[in-house]
Amino acid sequence: MFNQNSPAGLTIRYAIFAVLWIVLSGYLLTVSVADPQHHEFFEMLKGLAFVAITSTLLFLLLHRWHTALLRLDKLYEALSLCNQAILRSTNEAELFPIICRDAVQFGGMKLAWIGLLDSESKTVKPVASFGEGIEYLHELQVSVDAKNPGGNGPTGTSVREDRAVWCQDFQRSATTTAWHKQAAKFGLAASASIPLHRKGRVIGALTLYASQVNAFDTAEQKLLLEMGMDISYALDRFADQLLQQQADAQIHSQSENMSALLEVSQELISSLDLKSLLQTTTDTVLQLTRMQYSAIYLLDGDRMRLWAATPPLPDSYRESLRNPPLTDHPHVMQAITTREFVLLPDMQVAELSAAERQMAETYHLRTALFLPLLVGDKVLGVLTVTSAEQTVEIGANKLGVCRTLTNFCAIATDNAQLFHSIELHTAQLEQRIAERDRAEDKLRKLSLAVEQSPNTIVITDLDANIEYANANFSKVTGYTLDEAIGKNPRMLQSGKTPKSVYEDMWAHLTRGETWRGELINQHKDGSEYIESAIISPVRQADGKITNYLAIKENITDKRLAEERIQNLAHFDQLTGLPNRSLLNEHFKFALGLAQRNDEKMAVMFLDLDHFKDVNDTLGHSIGDQLLVEIALRLKSHIRDEDTVSRLGGDEFILVLPGNDENGAARVASKLLGIVSQPCQIDSHELIITSSIGIAIYPDDGEDFEALLKKADTAMYRVKQDNHNDFRFFKQEMQTHSARNLQLGNALRHALTRNELLLHYQPQITLQDGHIVGAEALLRWRHPELGMISPAEFIPIAEASGQIIQIGEWVLRTAAAQLKEWMDKGLPPMMMAVNLSAAQFRHPNLTEMVTDILDEVKLPHEYLELELTEAVTMDDPQAAVAVMDKLDECGIRLSIDDFGTGYSSLSYLKRFKVYKLKIDQSFVRDITHDADDKAIVTAIINMASSLGMHTIAEGVETAGQLAFLRLQGCDEVQGYYFSKPLPADEFEAFLRK
C-alpha cells in the first residue's frame, strides 16, 4: 500500500518496530537481580539502555523521513523550472536539454534523457541528455517492437503502450535484463519512463534514472506525470507556431507572385513601350528569385542582342554580353532548342563552355536560369537570371510565375515587332493585311494568356456593362459568362461596400485615372468575398477612352488571416480579455475623456492570491479554467465604459473612467466579493481571494505607466499585509523603493570611490582569554548619506549581483591587512571573512580565494570563511564538493548564525567544517531563558562530539560569558570585549 521509502511507509515501518521494542522493553523492565548490592546498578543500566535505544529509533525515523521529503522537494523544484523553460523556449531543440539538466541538477536524478520515436526503424533515439553515465546512452538500443529483445524495457513499453512505466529495481527486473550490466556500471538502480505527446500522438519519452531502488513513490510519480503533460503541452504549442509560420510564408509567397503578374499584366495591356515592358519584367523576376542580375536577349540570326538588364550591369559585363554568338553559350542554345527553362543550381560544378566558364569566374556567378521567350512554338529570345557569390534555390511556384512572365514578354515582343513592321510597310496593302492577320493571331494568344490568368479580368463599356470576362470570373462569382455579358457589375454588390468607395472609384475613372481599392462582393450563392481591384480606362491611339479594364484578386482568405492576426495582437487568447496593447488604446481614449471633462479615473491592479498553488496541485488546465471564470466575473460586474484586461498570469488590470476614491473603493469591495465566491471546476470547488492596488488619475499620475506602476506598488503592500483586501497608493509606499534604488545606484560606485571600509572585531579564546582571531565586517560611508547599515545595503548588493565584486574586495583587503599586522610583528591569528551565497556558488571560488592569498603572501591556514546554514543546505552535495576543495587548499570553514536555519545532520558531519558560530539571538537571553540555554548547550555538545569548535557572538555581559565558559564554549566575540574597530584602532587594541 505504501512505498517503503515514502514518508508514510517509513513511519509505519518504524512505528511497528517501536511497538515491538516497547513490548520487549516492558518485559526487560520486569527483570531484576536478587543481589541487593547490584540491584540499584542493574536498574540504572536498564534505564540507560531503554533511553538510548528509544532515542536511536526516533533519530533514525526523523532522518529517513526528512530524506524522503527532501527528494520530493527537489522534484517540485525541477517541475517549476521545467514550466519556466517551457515558457521561455521556442522549439524542442532548445527545451529538451534544459528539461534533462533540471531533472538532474534540481530533481535529484542521476541521469535523464529524452528520446524521439523513429517510425521507420521503430526505435527510440536519444536527442537530449544530462547527468552521470551519459556513456550509458551511447550503446543504448531501445525498440518499441514487443517482439524485439530490446523492445520490452521501460522506455520501449512506455512509448508503445502510451503509459508511464516505473521500474523500481532496475538491476533485478526481468524486463531490463538486457541492460543490467551497463546499468550496474553507472549505478542506475531505478528508472521512470513517461511518454511525450504531440497533438495527441506519442512521439517519444522522458526517461529518468535514480541511484537507489524504490526511488519513485506515489507523490513523485504524480509530479513526473505532470512534468510529462507540461512538456507535451509545449510540443503542441511549438507545432501550432510552426504551422502559423508556414501559413504566413505561403500567403506572402502567393501575394508576391500575384503582384508580379499583375504588374507585368498591367504594363502589357496599358503600354506599347516594349523597352519599358522588358525592363519591368527583368525587375520583377529579380524580386521573385532573389538573384542579382537579369537580362533579356532577343534573337538576331545566330547571335543574341541585349535589350534590357537589371540592375545596370558593369560596363565590361554588358559589353561581353551585348551581342554574343549563340555557339559560345550552349545552355542558352539548350533553352532555345528544347523550349524549356534551363537551371544551373551551382555553376562551379556544372559543365560549362569556355565562354561560360570565363564569365562565371570573372563575375563570380554561381546560379543561372535561362527562360525562353515563347510565342507558340517560336522562340523570340531568352531571359537570363544569375546570382553572384552564392547559390540560390528557386521553387517550382516561382519558376512557374517566371515562365508566365516570359510568355507575356514574348507576346509583347512579337506584337511590338508586328506593329513596327506595319509602320514600315504601310504602303503595301498585302503586307498590311498579312501583318494584320499576324497581329490578330498574336492577340488571340494574348487573349489566351489573359483568359488563363489566375486573376479575374473584366472589360466593360463606358456604361460599365460587361463586354468580356475571363474564366476566373466565373470561378470567383459563380455566374457563367452568358449570365454576365451585357450585365452591370452591380449585380455582384453585397451592400457591405461603403457608398463612398463607389463614389471615389467613379471620380477617378471620370477623370481618366486608374482606381485601386477593395470591394466586398456577393457570390451567386449568396456568400460574400473580398476583392482587391485595379480598374483602368482603356484608350485608343488618339487618347479617347473606349472601355474600362478591371483586374481583381480574391483576397478573402488573406483578410481572414489578417483578422486572426489582429485578434492575436489585441486579445488574450485564454480569457478573451483585451491584452496590454488594446488596454493602452482604451486608456488613451478614457484619458482624453477625463481631461476634457475634468474628471478622475481609477486604475486597479488585481492579483489572485496563492494562484500558483492551484497550478502546482491541480494542474495548469484547472488553473486556466479558474482564470477564465474569474475573467467572466470581472467583466460582468463592470460598466460598458470600463475596461478589464489580463496582463499575464493571474494579473488583471481595470481602467474605470469617472471614478474617484469613493467610487473605486465601492468597485474594489464588490470585486473582492465576487472573486472570493466558490468556483466549481470539474469536481473541484475552489475558493480564491485577490489583492487589489488602486491609483487615481490625476493625483497619482497622468500617464498609463505611472498609474499602473503605483497601482502595482499598492497591490504588493496588500500582499505583504494580509491579502484579500485593497489599498490606495500612498507616497510612502514608494519611499522604500526609491531608497533602495538610490542605494543600488550609489553602491555601483562605492568601490571606485573608496567609500567601502572594513572594521574588525576580536575573537577571544575562553581557555586563556587571548585574541585568536578577528572577524572582518564590511562598512559603507557615503559622502552624503553618511554611514549606511550593512543590513540595508548587503541585500541590495546580493540582489544586483554586485556582491561578487564587493566580496572579492573584502577578502583581498582583510587578507592584506592580516599580512601587514604579521609583518609588523603582531602574533598570527585567524581572519574570518563572511562568504555570500552568490560567492559560494561561483564556479571559480577556490581559484579566486587561493589567488588572493598567494597574491598577498598570506598562509592559507590563517583564513577562515564563514558560511550561513542556508548557503550550505541550498545544494548540500554541491556544497560538500566546494568545501572539500577549499579544505584541500588548507582554508578553514565555519558555519555562521548556526541554529537559525535548517541543517541536515547527515550533511553536517560530511561538511569539512572547523567551527560552528552560535547566533547572538540565542546568546542575548541566555542568562534567564531556559530554551536559549538548552539550545546553546545542545549546539556546544553536538559540535564537541563532531570534533568542531564553537564560538558565540553577541556576548555583552559577564553572566553570558560565565554560562558559555561553564558549558565548554571555545571562543566568544562581542561588545563585552570590543565593538568592531577600524584597522588602526584594532591594531592598538592588539598591542594592549
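These are my notebook entries on a few sites in this predicted model.

**Entry 1: D102**

I started with D102. I found D102 in helix α3, which spans residues 92–105. Is D102 buried or exposed? Its relative accessibility is 3%. The cut-off for buried is under 20%, so D102 counts as buried. I then looked for a side-chain partner. The side chains of D102 and R101 are joined by a polar contact of 3.2 Å.

**Entry 2: strand β15**

Next I went to strand β15, residues 545–554. How many of the ten residues of β15 are buried? I noted seven, so the strand is largely enclosed by the rest of the structure.

I looked up its pairing with two strands. Strand β11, residues 456–460, runs antiparallel to β15, and five bridges join the two. Here I457 stands opposite I551 of β15. Strand β14, residues 528–539, also pairs with β15 in the antiparallel sense, over nine bridges. For S532 I wrote down E553 as the bridge partner in β15.

I followed the chain from β14 into β15. The two strands form a hairpin, with five residues between them. Which residue in the turn has a positive phi? I noted G543, at about 90 degrees.

**Entry 3: helix α11**

I turned to helix α11, residues 354–362. Its buried residues are E356, M359 and A360. Seen down the axis of α11, these buried residues fall within an arc of 100 degrees, so they line one face of the helix. I checked the face turned away from that buried side. That face carries the exposed residues A354, Q358 and E361. I also looked just past the end of α11. H364 takes a positive phi there, of about 55 degrees.

**Entry 4: helices α18 and α22**

Last, I looked at a helix pair. Two packed helices are described by the angle between their axes and the distance between the axes. I took α18, residues 580–597, and α22, residues 704–721. Their axes come within 11 Å. At what angle do the axes of α18 and α22 cross? I have roughly 115 degrees. Angles of 65 to 115 degrees count as roughly perpendicular, and α18 and α22 are therefore described as roughly perpendicular to each other.

I listed the residues that make the contact. From α18 they are R580, L583, N584 and F587. From α22 they are F704, E705, L707 and L708.

Conventions. Residues are numbered from 1 along each chain as its sequence is written. This is a predicted model: local features need pLDDT of at least 70, side-chain atom pairs count only at pLDDT 80 or more; totals for chains, interfaces and linings use all residues. Side-chain values use heavy atoms; hydrogens and water are left out. Helices (H or I, at least four residues) and strands (E, at least two) are DSSP runs, numbered from the N terminus. Buried means under 20% relative accessible area, exposed over 50%, partly exposed in between (1.4 Å probe, protein chains only). A polar contact is a pair of N or O atoms within 3.5 Å; within protein, one must be able to donate a hydrogen and the other to accept it, and residues adjacent in sequence count only if both atoms are side-chain atoms. Two strands pair if DSSP finds at least two bridges between them. The arc is that of the directions from the helix axis to the C-beta atoms. Axes are lines fitted to C-alpha atoms, for helices over the stretch in contact, and angles run from 0 to 180 degrees between N-to-C directions. Angles under 35 degrees count as roughly parallel, over 145 as roughly antiparallel, 65 to 115 as roughly perpendicular and the rest as oblique. Contact means heavy atoms within 4.5 Å.
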